[in-house]
Amino acid sequence: MVDFARVQKELQECSRDMEASGIRVSPKSDNLAGLTGTIPGPIGTPYEGGSFEIDITLPDGYPFEPPRMKFVTKVWHPNISSQSGAICLDILKDQWSPALTLKTALVSIQALLSAPEPDDPQDAVVAQQYLRDYQTFVGTARYWTESFAKASSLGVEEKVQRLVEMGFAESLVRSTLEAVGGDENLALERLCSS
Amino acid sequence: MEDCSSGDEAYDYSSDRDSLDAIENEEPDYPGVSSKSSSTKVITKESLLAAQKEDLRSVMDLLSLKEHHARTLLIHYRWDVERLLTVFVERGKASLFSEAGVSMVECQETNSVLSSSCTIMCEICIEEVLGDKATRMDCGHCYCNDCWTEHFIVKINEGQSKRIRCMAHKCNAICDEAVVRNLVSKRHPDLAEKFDRFLLESYIEDNKMVRWCPSTPHCGNAIRVEDDEFCEVECSCGFQFCFSCLSEAHSPCSCLMWELWIKKCRDESETVNWITVHTKPCPKCHKPVEKNGGCNLVSCICGQAFCWLCGGATGRDHTWSRIAGHSCGRYKEDREKNTERAKRELYRYMHYHNRYKAHTDSFKLESKLKETILEKVSISEERESRLRDFSWVTNGLYRLFRSRRVLSYSYPFAFYMFGEELFRDEMSNDEREIKQHLFENQQQLLESNVEKLSKLLEEPFNQYADDKIMEIRMQVINLSVIINNLCKEMYEYIENEVLGSIQVGNHGIAPYKSKGIEKASELSVCWNGKVSSTADKFLPSDCGTSGKSEQDFFSFFFLDFYNLEE
Ligand SMILES: [Zn+2]
Ligand SMILES: [Zn+2]
Ligand SMILES: [Zn+2]
Ligand SMILES: [Zn+2]
Ligand SMILES: [Zn+2]
Ligand SMILES: [Zn+2]
Ligand SMILES: [Zn+2]
């Protein structure tokens, strides 16, 4: 049985500092075993400005067994499968400790985006490119971020306008949109819940 | 007598045993065989705990450690006390401990017991719990008992009993086994037992010098050897095996040679080769068709003619060199070269296999004869005669069995040693030829003497007059000595002259023992002088191999765990 009491507390803790971290965890449904995590692409990387969605499944033994996580948003990275979104990260496998949380795991994934480990690749093609032709790698990663990790092709002004039309203050709309990496839906959710 | 034959290749050699005992009283011609207590030990279910404790004790005493720390170290160093101590001497205590996950925080707060008056915030379940509902490990990390229990259960079920790490992230410390046992048994007594069994069996499974007896059905024993893994042993259940590869005893063949040989015999790959070389499937009905004569046009019983070289269907109109309307362009000579080679290989294999088989077959026949021969002995013993001692017969029989085995295994040895598969580039052709020649001389000499001995023992000596018996007796004793020496020389020759000069691969061979395969003796351990007096108080004096149940022993584990502190 998943320790749902702990998951509840984790979710509360997580939403408390969402502003600062930009990391979000929300249940898919009433059943807390399936969740969705969102991490902003780290600044100064080809993932900057993107918002990456991660599918989270909690095994029965959670937190004594690691959560299962994979990218829903397509991402170009040596340790993440460009096909399936599978993540190669030690703390999601044998280095998992019950003292870690969903948030710390997501923070580690975010750190992985900043510091790829091409010697222990999940996606061999990407890893090859990273090692042999770094410039092309950066280009592709950035292109994927633009294409898949940004909410829509709508310009920011249009998003602001639509949200303001729903009755939110313009300054709040702008800061919220920024915090969630330009994702209109995320911004709306956050505006509604605040 | 056919009590433990397992499979076709494993013959019943257990009969060696009975005669072995008989050899003890006579025969001054076996040099240097100090009898009784062998260095090879049988570890039974009952003595496993004692055997393990012996090693634990020595490490606990030498490094003044608690038992679970000693066990963690020993598991990490695969129960190699010597290596563990070497690391200790060379790299110091700190590195020895940290490598194995033993944390030596000199705890201010006495281990694990916390007061019930304070509360503790468990970082795992994020709940406040009373101090007595939480446990602090040696590394200093403290969590509530429920969380520890869950963690232990998950790890035991994952099969990680031997190294359950602390729950804290990046903490490498191994959890105190007493805490694990205690907490888990409260919720899952059966799982706690499983945990104990894992720990106990680590002594066998992680230990280079200990192996489970490979008998089937398993006798429950393990065998511990002293210093050489390349040896042949006999378990107390009567099963004889090669300690290094766990198959039947096979010296002077090396383990690798034996493995290859068994596989070769099983696959009958040469036969398969023969069929592919000598027959070809008919392109019409697919039955194998054998080539007949030198002509390359062959015809199947179904009436189809085809080209032997390419297997394609053809008409029947042909000459010696070509078939009308058919051109296949196969290079004829290459084919024939391959055929030649395969044929040569096959004949070579057959040569060795026939001799190997002849000796194993003789061994089986002679084993059956044993009863008859021993009967002759008892008849003779009852006769009014000045001859009373017939131990020379049993000794002779034993020598016969022993040397038959050496002879039969010497053939697969020669097959690989002087063949091209393993040592092709290790010897020049001349060298190989000389060595092979010398080896075969030894082999033939041994063979002829063994056959002589076999004949002598089959004589109806119970019907003979005393003089004649005395004569046979002398011959048997002489032959036994000669044969024993020849076997010894063969092993020495292999070790020093043949394999000794080769650096490739791992071809350790169990040494020749005149007295045959060593019988492991029962292990008996008792806590004596070496054990610290503190521990003595809490340990039973009749421990060792007595009939105490494991459960009893574990309660002692507990006792001395808590009392060793002081
Ligand atoms: Zn807890
Ligand atoms: Zn710890
Ligand atoms: Zn056995
Ligand atoms: Zn072997
Ligand atoms: Zn046919
Ligand atoms: Zn012809
Ligand atoms: Zn042809």
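Buried denotes under 20% relative accessible area, exposed over 50%, and partly exposed the range in between, computed with a 1.4 Å probe on protein chains only. The views below show a predicted model, in which local features need pLDDT of at least 70, side-chain atom pairs count only at pLDDT 80 or more, and totals for chains, interfaces and linings use all residues. Residues are numbered from 1 along each chain as its sequence is written, chains are lettered from A and ligands numbered from 1 in the order in which they are written, and side-chain values use heavy atoms, with hydrogens and water left out.

**View 1. Site of the zinc ion (ligand 5) in chain B.** The protein donors are the SG atoms of B:Cys282, B:Cys285, B:Cys300 and B:Cys302, at 2.2 to 2.4 Å from the ion. Donors are N, O and S atoms within 2.8 Å of the metal (3.2 Å for Na, K and Ca); water is not among the atoms, so sites may look incomplete. Angles of 102 to 122° among the 4 donor atoms give a tetrahedral site; for four donors, this term requires all angles to lie between 85 and 135 degrees. Along the chain, the donors of ligand 5 follow the spacing C-x2-C-x14-C-x1-C. B:Cys300 is buried, because its relative accessible area is 7%, whereas B:Cys302, at 32%, counts as partly exposed.

**View 2. Site of the zinc ion (ligand 2) in chain B.** B:Cys139 (SG), B:His141 (ND1), B:Cys166 (SG) and B:Cys171 (SG) are the protein donors, lying 1.9 to 2.3 Å from the ion. The arrangement is tetrahedral because the 4 donor atoms subtend angles of 105 to 112°. The spacing of these donors along the chain is C-x1-H-x24-C-x4-C. B:Cys139 is buried at 16% relative accessible area, while B:His141 is partly exposed at 28%.

**View 3. Interface of chain A and chain B.** The two chains bury about 1,200 Å² between them, 61% of it on carbon and sulfur atoms; buried area is the accessible area (1.4 Å probe) lost when two parts are put together, summed over both. In chain A, A:Lys9, A:Phe64 and A:Ala99 lose the most area to chain B, together 46% of what that side buries. A:Lys9 also forms a salt bridge with B:Glu127, with the closest N and O atoms 2.7 Å apart; the term denotes a side-chain nitrogen of Lys or Arg within 4 Å of a carboxyl oxygen of Asp or Glu.

Terms used. Tetrahedral: all angles 85-135°; square planar, octahedral: opposite > 155°, others 65-115°.
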